[in-house]
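Q: I'd like a close look at a single part of this model, with the rest brought in for context. Please spell out any cut-offs along the way.

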Amino acid sequence: MRAADVRSGGWQGIASVLLFLALWQIVSGAAESRLFPGPLTVMQSMASEARDGALPYHLGVTLARVGVSFVIALVAGAALGIALGRFRWIDRWFHPWLVIFLNVPALVVIILTYIWLGLVETALLVAVALNKIPNVAVTLREGARALDKDYTEVAQVYRLGAVKTLREIIVPQLAPYLLAAARNGLALIWKIVLVVELLGRSNGVGFQLQSYFQLFDVPRVLAYAAAFVCCVLLIELLVFSPFERRVGQWRR
Amino acid sequence: MTIRIHIDRKIYPAQACAPARVLFENLSVELEDGEVCAIVGPSGVGKSSLLQMVAGLDRDFAGSIEGGAQPLGYLFQSPRLLPWRTVRQNLELVMPEHPGRAKDWIAQVGLAGSEDVYPQRLSIGMARRVALARALAVEPKLLLLDEPFASLDEETSKGMHDLVAVHLKKLRPTTLLVTHHWHEAAALARRVITLDGSPARIVDDQPVRQARAAE
């Protein structure tokens, strides 16, 4: 029953995407405007950018930035969130800071880091990480607060030690929160990276989008956006979904 | 190893509208090596809290627990099996040097074939048997059993009871058994301590035969 559901769900998903592409093609055909190209034109632009090597190069640069910022934000945010969730005095002291950083506009952080650190790679990574760390910390703080003391006591009684307690007791309980933070993190980080590239870098998808925006080359703007979305979908499919299945195995 | 428990004072802090409460005051118990001692008494008197203190999970009291033997086996009131680990993995976790024995222990508690099942698929009786296997698998010098037969049907309770009796004989750990029921205490323990009052005090402490006669 469940396998059948999944299979039919998979077909519905594919059919839904095909329907979306067909509608897009029809509407763009009716619009007859170079500012509203159809999916076929976008795919042609994508193929052309891929042939001359620009698309893989800029995509690679941006993905590397996303990857590094993602790891920094996730590790620092998780450590901060767990500390806030476990130690009430840290939470009392730093909760207001968290609220402030959560509400500082991303653009302000980006501009200030470029001004203070210069138009360099480090500034980009710092800006992206600073934008994301508070979100990760808030999610993981909830996870740390929800840790069940009963299981920690089991670890104490059977003298599991710090590493085993972390691996066998703490991380499995935090896994859903880590997954949520990672998913939201990726979605937010790649968008911020594009803005940061657009404002102060000379390569990457954000830089390319700005260049083609100035030329009003909408097919290429959409080609880069589509290529990046495909990459993120692949990450979801190959990394997040298998991880989710693995950590949620026991719930089925 | 003899275990000496002496609690000068244990206070439950005030919570919401409930005022602070002195749970124990000048309470002393001494357990001989290998002795099986039952603690009986009404709900809320502090039996489970006493086990927590003996296990070292609650250190917020004035007094001392000497000779807290290791390894320690603890059957909590709820089974507390890790839900994200299978039955076998739950046992392997506490006996990393003998992972192969997990299967034997599972068979000994009558759950052969359930090795790779996650705990949420188990009934409360089955889960408690796995938790008992976990407590015994470490070959404890000190065994704490908190209401091992509570909320089990008669047949499962009897099965659990026989299991505990067999392994107490085999492993001979110093044992503290908390229960509401006299017949459970009398069947497994050589000595029965009755707690009552607030703060809780020992109102009776005698070998099972005399205790049974006094009943």
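What follows is about the packing of helix 9 and helix 10 of chain A. At what angle do helix 9 and helix 10 of chain A pack, and how far apart are their axes?

A: A word on ground rules: this is a predicted model, where local features need pLDDT of at least 70, side-chain atom pairs count only at pLDDT 80 or more, and totals for chains, interfaces and linings use all residues. Residues are numbered from 1 along each chain as its sequence is written, while chains are lettered from A and ligands numbered from 1 in the order written.

Now to your pair. Helix 9 (residues 205-214) and helix 10 (residues 218-247) of chain A pack at about 160°, and their axes are 8 Å apart. Helices here are DSSP runs of H or I with at least four residues, strands are E runs of at least two, and both are numbered from the N terminus. The axes are lines fitted to C-alpha atoms over the stretch in contact, with angles running from 0 to 180 degrees between N-to-C directions. That is why helix 9 and helix 10 of chain A count as roughly antiparallel (over 145 degrees; under 35 is roughly parallel, 65 to 115 roughly perpendicular, the rest oblique). Their crossing is left-handed, meaning that the near helix is turned anticlockwise from the far one by less than a right angle; clockwise would be right-handed.

Who does the touching? From helix 9 of chain A come Val205(A), Gln208(A), Leu209(A), Tyr212(A) and Phe213(A), and they meet Arg220(A), Val221(A), Tyr224(A) and Phe228(A) of helix 10 of chain A. Contact means C-beta atoms, placed from the backbone, within 7 Å. By class, this helix 9 to helix 10 contact has seven nonpolar residues, one polar and one charged (Ala, Val, Leu, Ile, Met, Phe, Trp, Tyr, Cys and Pro are nonpolar, Asp, Glu, Lys and Arg charged, the others, Gly among them, polar).

In the loop between helix 9 and helix 10 of chain A you'll find Phe216(A). Phe216(A) has a positive phi of about 55° although it isn't a glycine. Most residues other than glycine have a negative phi. Phe216(A) has 9 other C-beta atoms within 10 Å, so it is exposed (12 or fewer is exposed, 20 or more buried, in between partly exposed, with C-beta atoms placed from the backbone).

Glu32(A), in the loop between helix 1 (2-31) and helix 2 (39-51) of chain A, is another one to check: its phi is near 50°, again positive in a non-glycine residue. Glu32(A) is exposed too, because it has 7 C-beta neighbours inside 10 Å.

Arg65(A) counts as buried because 26 other C-beta atoms lie within 10 Å. Leaving aside residues up to four places away in sequence, Arg65(A) touches Leu124(A), Val193(A) and Gly204(A).

Zooming out, chain A has 10 helices and zero strands, and its C-alpha trace spans about 70 × 60 × 30 Å along the principal axes. Of its 252 residues, 32% are buried. On the side facing the partner, 10 residues of chain A contact 13 residues of chain B. Helix 7 of chain A gives the largest share of that chain A side, six residues.

Terms used:
Contact = placed C-beta atoms within 7 Å.
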